[in-house]
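Here are some friendly questions to work through with the structure at hand.

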Amino acid sequence: MKTKINAIILAAGVGNRLSPLTKDIPKGMVKLFEKSLLEMQIDIFKQYDINDITIVTGYLGEKITFPDINYIKNKNFSLTNINESLFCAREKFQTESLISYSDIIYEKKNIERIANFNGDIGVGIRLNWKPHYKGRTLHPTSEAENVVIENNKIVKIQKNISKCEKNQTVGEFLGLMKLSKNASDILVQKYLELEKSHKGKFHNAPSLKQAYITDMLQEIIDSDYLVEPIIIEGKWCEIDTMQDIEYARRIFK
């Protein structure tokens, strides 16, 4: 494993749909099998010699206190979205960066596949994704972050993509991505340009400050940069509702 990779976990959100579990702790500190979601991710990273780990905090960030971890706070977490949290950590974009949402759990082999990606921008994707939404009435397929893949590149990324052309495939973005140092520089430059000049709606977000990472990736795609899918086949769960917790306990048991 390449030890020069650093990991950035985005954990600033409130997690309202997991209330009351998130009344006194941030979403990433919700526990499964006696460990928090964040702790499970940290354990996996360290098993693959990824020890330079940064958590971007926000809501109740003082409750996240793991040793030997870097912390950066999105001070405007209540007014911004996950893309802003990512760029709060841009000082860490000095090597290859593995980026993860805080509210997901996955098998160890998924991280190995992401970390071994050798391109500039790689996005973790699940192809057979719809069956995993069975019974998720509180988080239906319309809320999935989807991608359209054509000729092994991502041409579109946003929530709720239900149709594509015959030569295309729809997958689900899993909240995991890898950036080369070159790609990190491109993203930061693009973000700083947008921060100075962009006004109004930003792709599917009301504004740049309220953008999702998918909005920023679409901006990069529209600027003719290559964004590649990293196909993930191992177990993976998003923890967004109480239904998701029960589902995760079943498949990871």
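Q: Which residues of H1 are buried?
A: This is a predicted model, and helix H1 covers residues 37-47. A residue counts as buried when its relative accessible area is under 20%. In H1 that test picks out Leu-37, Leu-38, Met-40, Gln-41, Ile-42, Ile-44 and Phe-45.

Q: Which residue just after H1 takes a positive phi?
A: Let's step past the end of the helix. The positive phi there is about 60°, and the residue that takes it, just after H1, is Asp-49.

Q: Which residues have the most contacts inside the largest nonpolar core?
A: The largest nonpolar core has 65 residues.

Q: What is Ile-154 in contact with, leaving aside its neighbours within four places in sequence?
A: Contact here means heavy atoms within 4.5 Å. On that basis its partners are Val-123, Ile-125, Val-147, Val-148, Ile-149, Ile-221, Val-227, Glu-228 and Pro-229.

Q: Is Lys-178 buried or exposed?
A: Lys-178 lies in strand E11, residues 169-179. Its relative accessibility is 1%, and the cut-off for buried is under 20%. Lys-178 therefore counts as buried.

Q: Which residue's backbone oxygen does the side chain of Lys-178 reach?
A: Leaving aside neighbours within four places in sequence, Lys-178 is in contact with Ile-5, Glu-96, Ser-97, Ile-114, Ala-115, Phe-117, Asp-120, Ile-121 and Gly-122. The side chain of Lys-178 reaches a backbone oxygen at 3.0 Å, and that oxygen belongs to Ala-115.

Q: Is Lys-190 buried or exposed?
A: Lys-190 is found in helix H4, and its contacts, leaving aside neighbours within four places in sequence, are Met-216, Glu-219, Ile-220 and Ser-223. Its relative accessibility is 17%, while the limit for buried is under 20%. So Lys-190 counts as buried.

Q: How many Å separate the C-alpha atoms of Ile-213 and Ile-82?
A: Ile-213 is found in helix H5, residues 213-222, and is buried, with a relative accessible area of 2%. Not counting residues up to four places away in sequence, Ile-213 touches Leu-10, Ile-82, Asn-83, Leu-86, Tyr-101 and Met-177. Ile-213 and Ile-82 are 131 residues apart in sequence, and their C-alpha separation in space is 6.4 Å.

Q: Which element gives the most to the lining of the largest pocket?
A: The largest pocket has a volume of about 870 Å³. Of its 37 lining residues, the closest to its centre are Lys-27, Asn-81, Asp-103, Tyr-212 and Asp-240. The elements that give two or more residues to the lining are E1, H2, E11 and E13. With four residues, the one that gives the most is E11.

Q: How many nonpolar residues are in the lining of the second largest pocket?
A: About 180 Å³ of space lies in the second largest pocket. By class, one lining residue is polar, three are charged and the nonpolar ones number eight.

Q: Which strand gives the largest share of the lining of the largest cavity?
A: The structure holds one cavity of 30 Å³ or more, and the largest cavity has a volume of about 40 Å³. The largest share is three residues, and the strand that supplies them, residues 236-238, is E13.

How values were computed
Residues are numbered from 1 along each chain as its sequence is written. This is a predicted model: local features need pLDDT of at least 70, side-chain atom pairs count only at pLDDT 80 or more; totals for chains, interfaces and linings use all residues. Side-chain values use heavy atoms; hydrogens and water are left out. A nonpolar core is a set of buried Ala, Val, Leu, Ile, Met, Phe, Trp, Tyr and Cys residues joined through side-chain atoms within 4.5 Å. Buried means under 20% relative accessible area, exposed over 50%, partly exposed in between (1.4 Å probe, protein chains only). A polar contact is a pair of N or O atoms within 3.5 Å; within protein, one must be able to donate a hydrogen and the other to accept it, and residues adjacent in sequence count only if both atoms are side-chain atoms. On a 1 Å grid over the protein atoms alone, a cavity is a set of points where a 1.4 Å probe fits but cannot get out, and a pocket is an open set with protein on both sides within 12 Å along at least five of seven lines; lining residues have an atom within 4 Å of a point. Grid points are joined across faces, edges and corners, and a volume is the space filled by probe spheres set on the points. Ala, Val, Leu, Ile, Met, Phe, Trp, Tyr, Cys and Pro count as nonpolar, Asp, Glu, Lys and Arg as charged, and the others, Gly among them, as polar.
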